[in-house]
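Visitor: I'm new to this one and would like a close look at a single part. Could you bring it up for me?

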Amino acid sequence: MRILTRSRQIRKALRALRARIPAKDWQTISAFLSRVRAETAWRISGIGEAIDPISAALQPLYTLNPWILCGAEIVFVLPIYRLYTDSGMIGVAAHEFAHALRAARHDDDWPEKMGERQLTPAAIRKYEAEERRANAIASSWDFRAQIRAMREERGKFVNPYIRSHEIQIRRHIQQRDGYLLSPGP
Ligand SMILES: [Zn+2]
């Protein structure tokens, strides 16, 4: 596992994880993950060009041509991640590492097994079950308070912040990318 970010907040969270995740789980996760990196830009989700509220994600890595699964990464989306408190940021990181432990226990079909973000009722149920399992693992690592902080902050602050700053964020993205988004959902 290579750490490809200098973000002070992420490094601090990773140190907290390293200190508490049992050695056996840590070994499994660090062998499974190819890299941990950060993105500094806001993301626009494909559906309706909304601001993507995801602060971090476990993602598969593929080779091109042929298209073969070749690894996994955790990506932190810094503009969102930084909206959390220190405790919430550790909760987010623990949650993603818990997903990685679960994925490591699957075969190469883990991206399908773990549920993609689709909008069918079955896919949403699968996704939510996976979310609960990840939170349960993170809590078993002694991050119960941080998982609670993550969930509370997401509902009370992070998502409302994104909604109330939608116009400014979209203007910022337009200036960055030099193209016009539609007026918004
Ligand atoms: Zn999750």
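Let's start with Asn 65: is Asn 65 buried or exposed, and how many other C-beta atoms lie within 10 Å?

Guide: Happy to. Before the close-up, bear in mind that this is a predicted model, where local features need pLDDT of at least 70 and side-chain atom pairs count only at pLDDT 80 or more, while totals for chains, interfaces and linings use all residues. Residues are numbered from 1 along each chain as its sequence is written.

Now to your residue: Asn 65 is exposed, because it has 6 other C-beta atoms within 10 Å. In these terms, a residue is buried if 20 or more other C-beta atoms lie within 10 Å of its own, exposed if 12 or fewer, and partly exposed in between, with C-beta atoms placed from the backbone. You'll find Asn 65 in the loop between S3 and S4. Names like these come from DSSP runs numbered from the N terminus: helices are H or I runs of at least four residues, and strands are E runs of at least two.

The backbone here is worth a look too. Asn 65 has a positive phi, near 50 degrees, and it isn't a glycine. Then comes a cis peptide bond, joining Asn 65 to Pro 66 with omega at about 5 degrees. Pro 66 sits in that loop as well, with strand S3 (56-63) on one side and strand S4 (68-77) on the other.

A positive phi turns up in Asp 142 too, near 80 degrees, and again the residue is not a glycine. Asp 142, though, belongs to helix H6 (residues 121-164). It counts as partly exposed, because it has 13 C-beta neighbours inside 10 Å.

Two packed helices are described by the angle between their axes and the distance between the axes. For H4 and H6, the angle is about 145 degrees and the axes are 7 Å apart. Axes here are lines fitted to C-alpha atoms, for helices over the stretch in contact, and angles run from 0 to 180 degrees between N-to-C directions. The residues of this contact divide into 14 nonpolar, seven polar and three charged. Ala, Val, Leu, Ile, Met, Phe, Trp, Tyr, Cys and Pro count as nonpolar, Asp, Glu, Lys and Arg as charged, and the others, Gly among them, as polar.

H4 itself covers residues 86-105. Of its 20 residues, 15 are buried, so the helix is mostly covered.

Methods: Expected span 1.5 Å × (residues − 1).
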